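User: I would like to go through this model with you, starting with its open spaces and then moving to single residues. Could we begin with how the terms are meant?

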Amino acid sequence: MANIYYAQPLLPVIAQSLGVSQGASGLVVTVSQVGYALSLALLVPLGDVLERRRLVTVLLGASAVALLGAAASPALGSLLAAIAVVGVTSAVAQIVVPLAASLAPSHQRGAVVGTVTSGLLIGIMIARTIAGLLAEIGDWHLVYVFAAVLMAVLAVVLRLVLDPVPPSEHTTYPQLLGSVLTLVRSESLLRRRMVLAAAGMGCFTVLWTASSFLLADEPYAYGPAAIGLFGLAGVVGAFAAMGAGRLADRGRGRQVTTGGLILLTVSWPVLAIAGVGGLGGLIALVVGIVVLNLAQQSLLISHQSAIYHRAPHARSRVTTALMVSAFAGSTVASALTAALYPVVGWLGMCVLGIVIALVGVGTWVLEILHPSPSEPLAAPSVTAGTTGTRQSPIAVYRQGVDSV
C-alpha cells in the first residue's frame, strides 16, 4: 500500500527535478489513485477465479518493474505512465487479505485478517516518513528503487513459502464482475458494511488532509518532514487495532463495530482542541490521531470478518465491493476538505468529521434494529440436482439466497 503514497511528500522535489510545476507534479498522486481504483473494481475479483499464489507473485513482480520504470523516468509523461501501473498492481494488497482469510483456520480468521489489514494502514502511514528520509539521503529516485527491491523480495518470498491456492469459483470474467453487483444488490449486510466503510475512510481522509493544512499554518508552521512524522501516531492506532480481529474470532464482531463507531465519533471533539495550538493542542492532535486510526482500523477488520463469514466463496468479490465503497467515501471527503478548509478552517473540518461519523452511527443503528442475515451463504457453484446440468453461477447464487 505504501507504493501509492510515497509520492505525496516528494512532489516539490519531483517538480524541480523534472522541470515542471508543482500542480503538474500533483498528477503523480492522481494517476496512482485512479490506477488503484480501477484495479479494485477489475482485478481484485480475479482472486476468486485464479490460482492466487501465482496472481499475487505476478502482480508483485509487475509492481517491481513499474517502480524501476518510475525511478528511471526522465520526464513527467513516462513517470505518470509508470506510476499508473504501480497503482494498478497495488491491487495485490486487497487480494492478499481474502487470501489470508481463506488460508486461516476459522477460529483464527479474525486475528489473521486483523494482522494483514493492519499492514495496509501501517503502509499508508509510514510511506510519507520513509519517502522523506530516503529523499534526504539520496533523491526521489532512490525511494522508488527501494520500493522496487522490496516488491521483488516479497514476490520471491511468497512464491517460496506459499502453497498453491486453488480458485474458489469457476466462471467467465463478465459473469464474475456481474456477480459482484448481484452480491451488492441482494446482501443487506454487505450494503450496510459498505456504507460504514465509506464513512470510516471519509473520516480518515478528512483527518489526514486537513491536519496537513493545520500543521503547515500558524500556530504550528511545521515543514513537510515534521508533518510526515505525525503518521507514526497513526501506526500506533493501527497496531492497537490488531486485537479487534481476535475479538471477532470470539463472536464479538458487533461489539467491535459499536466500539469503533463510538471512538470514531468522540475522536473529533478531541481533535478540535488541536486548533488552539501549543503543547495542549499537540497532545490533543496526537491523541485524536491514535483514537481515530484505532477506530477506523477496528471497523475495517470487523467489516471484513463479517462479510467473509457471510460469503466464504466470494471473499475477493465482497472485498471489491467494500473497498470501492471505502475509496468512494475517501474521494468525496478529500474533495470536501479541499473545498471547505479555506472557508471553515480546522474547527469546520472537525464538524464535518462528526457529521460523517454520525452517518455511520445511523447506519449501524439500522443494522441493530433490523439485523441482516449473517449465516454463511451456500457456494454458488453447486451442481443442479435433477437435470445433471450445471447452472450459471449467478442463477445458482440467487437460488441460494432465496433458500437462505
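Analyst: A pocket here is an open set of grid points with protein on both sides within 12 Å along at least five of seven lines. The model is a predicted one.

User: What is the volume of the second largest pocket?

Analyst: The second largest pocket holds about 610 Å³ of space.

User: How many residues line the second largest pocket, and which lie nearest its centre?

Analyst: The lining of the second largest pocket consists of 27 residues. Nearest the centre are Met-1, Ala-93, Gly-119, Met-151 and Leu-154.

User: Which elements give two or more residues to that lining?

Analyst: Helix 4 (52-71), helix 6 (92-103), helix 7 (109-137) and helix 8 (140-161) each give two or more residues to the lining of the second largest pocket.

User: And how do the lining residues divide into nonpolar, polar and charged?

Analyst: The lining of this pocket has 21 nonpolar and six polar residues, and no charged ones.

User: Changing topic: how do helix 9 and helix 16 cross?

Analyst: The axes of helix 9 (residues 173-186) and helix 16 cross at roughly 65 degrees and come within 9 Å. The crossing of these two helices is right-handed.

User: Which residues make the contact?

Analyst: Helix 9 contributes Leu-176, Ser-179, Val-180, Leu-183 and Val-184, while helix 16 contributes Arg-317, Val-318, Thr-320 and Ala-321. By class, six residues of this contact are nonpolar, two are polar and one is charged.

User: Staying with helix 16, is Thr-337 buried or exposed?

Analyst: Thr-337, which lies in helix 16, has a relative accessible area of 0% and is therefore buried, the limit for that class being under 20%.

User: What does Thr-337 touch, leaving aside neighbours within four places in sequence?

Analyst: With those neighbours left aside, Thr-337 is in contact with Val-206, Thr-209, Ala-210, Pro-342, Met-349 and Leu-352.

User: And Val-361: where is that residue found?

Analyst: Val-361 also belongs to helix 16, which covers residues 315-369. Its relative accessible area is 27%, so Val-361 counts as partly exposed. Not counting residues up to four places away in sequence, Val-361 touches Leu-261 and Thr-265.

User: How many Å separate the C-alpha atoms of Val-361 and Ala-82?

Analyst: The separation is 40 Å, with Val-361 and Ala-82 279 residues apart along the chain.

User: What about Ser-39: which helix holds that one?

Analyst: Ser-39 sits in helix 3 (residues 27-42). Ser-39 is buried because its relative accessible area is 1%. Its contacts, aside from neighbours within four places in sequence, are Val-44, Gly-87, Val-88 and Ala-91. Ser-39 and Gly-87 are 48 residues apart along the chain, and their C-alpha atoms are separated by 7.7 Å.

User: One more topic, the backbone. Which residues does a cis peptide bond join?

Analyst: A cis peptide bond, with omega of about 15 degrees, joins Glu-218 and Pro-219. Pro-219 is placed in the loop between helix 10 (188-216) and helix 11 (224-229).

User: Where is Ala-221, and what is its phi?

Analyst: Ala-221 is in the loop between helix 10 and helix 11. Its phi is positive, about 55 degrees, although Ala-221 is not a glycine.

User: Why mention those two features?

Analyst: Most residues other than glycine have a negative phi, and most peptide bonds are trans.

User: Is Ala-221 buried or partly exposed?

Analyst: Ala-221 is partly exposed, since its relative accessible area is 41%.

Note on methods: Residues numbered from 1 in each chain as written. Predicted model: local features only at pLDDT ≥ 70, side-chain atom pairs only at ≥ 80, totals over all residues. Heavy atoms only, no water. Helix = DSSP H or I, 4+ residues; strand = E, 2+ residues; numbered from the N terminus. Buried < 20%, exposed > 50% of the residue type's maximum accessible area, 1.4 Å probe, protein only. Contact = heavy atoms within 4.5 Å. Axes fitted to C-alpha atoms, helices over the stretch in contact; angles between N-to-C directions. Left-handed = near helix turned anticlockwise from the far one by under 90°. Nonpolar A, V, L, I, M, F, W, Y, C, P; charged D, E, K, R; others polar. 1 Å grid on protein atoms, 1.4 Å probe; cavity = no way out; pocket = protein on both sides within 12 Å on 5 of 7 lines; lining within 4 Å. Points joined across faces, edges and corners; volume = space filled by probe spheres on them.
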